[in-house]
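This report describes selected residues and aromatic pairs of one structure. The sequence and the coordinates are shown first.

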Amino acid sequence: ISVKMPAYGGHSVFEGLVFVLAGTQTEPDEHIKKKISSNGGLIFETVDSMVTHVVSSHEMANVFGNPYKMQFFPQFESQIRAAKMFRTPIVDGRFLDACIQGKRLLDVREHPIFPGDAKDP
């Protein structure tokens, strides 16, 4: 039996996790999708109760709540609202990289995108 080892980290850091990419990212979506899938994660297109993490960027967090800017990203708004409704963590690509480098899933509260999502002191 041959076992396919993940390309990025040599392990399955994201095994059993489901991610959605929301808004624009700091690197091409295909790179982020490869990082996730190569490390055992799945990628969905829409946020639902099965999704464990939403990947966005700090730049997009600045767009959220700004009615003028939001008109250009209608799908992003619905994805973030759904993530908040389902209490799904919203992380950025640096979170993914840190998990892969650390060879384990890290605490999402250490990598907040939205104010108020940070770990309590």
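## Arg109

In this predicted model, R109 is located in the segment that follows helix α5 (93–102). A distance of 9.0 Å separates the C-alpha atom of R109 from that of V91, the two residues being 18 residues apart along the chain.

## Gln79

Q79 belongs to helix α4, which spans residues 74–86. With a relative accessible area of 6%, Q79 is buried. A polar atom of the Q79 side chain lies 3.4 Å from the backbone oxygen of E45. When neighbours within four places in sequence are left aside, the contacts of Q79 are V20, L21, A22, G23, E45 and V47.

## Aromatic pairs

The count of aromatic pairs comes to 3. Among them is the edge-to-face pair of F14 and F19, with 5.1 Å centre to centre and 75° between the planes. Both F14 and F19 are buried.

F64 and F76 also form an edge-to-face pair, at 6.3 Å centre to centre and with 85° between the planes. F64 lies in the loop between α2 (58–63) and α3 (67–70), while F76 lies in helix α4, so the pair ties together parts that are 12 residues apart in sequence. F64 is buried at a relative accessible area of 19%, because the cut-off for buried is under 20%. F76 likewise counts as buried, with 2% relative accessibility.

Notes
Residues numbered from 1 in each chain as written. Predicted model: local features only at pLDDT ≥ 70, side-chain atom pairs only at ≥ 80, totals over all residues. Heavy atoms only, no water. Helix = DSSP H or I, 4+ residues; strand = E, 2+ residues; numbered from the N terminus. Buried < 20%, exposed > 50% of the residue type's maximum accessible area, 1.4 Å probe, protein only. Polar contact = N/O pair within 3.5 Å; in protein donor to acceptor, adjacent residues only side chain to side chain. Contact = heavy atoms within 4.5 Å. Phe/Tyr/Trp six-rings, centres within 6.5 Å; stacked < 30°, edge-to-face > 60°.
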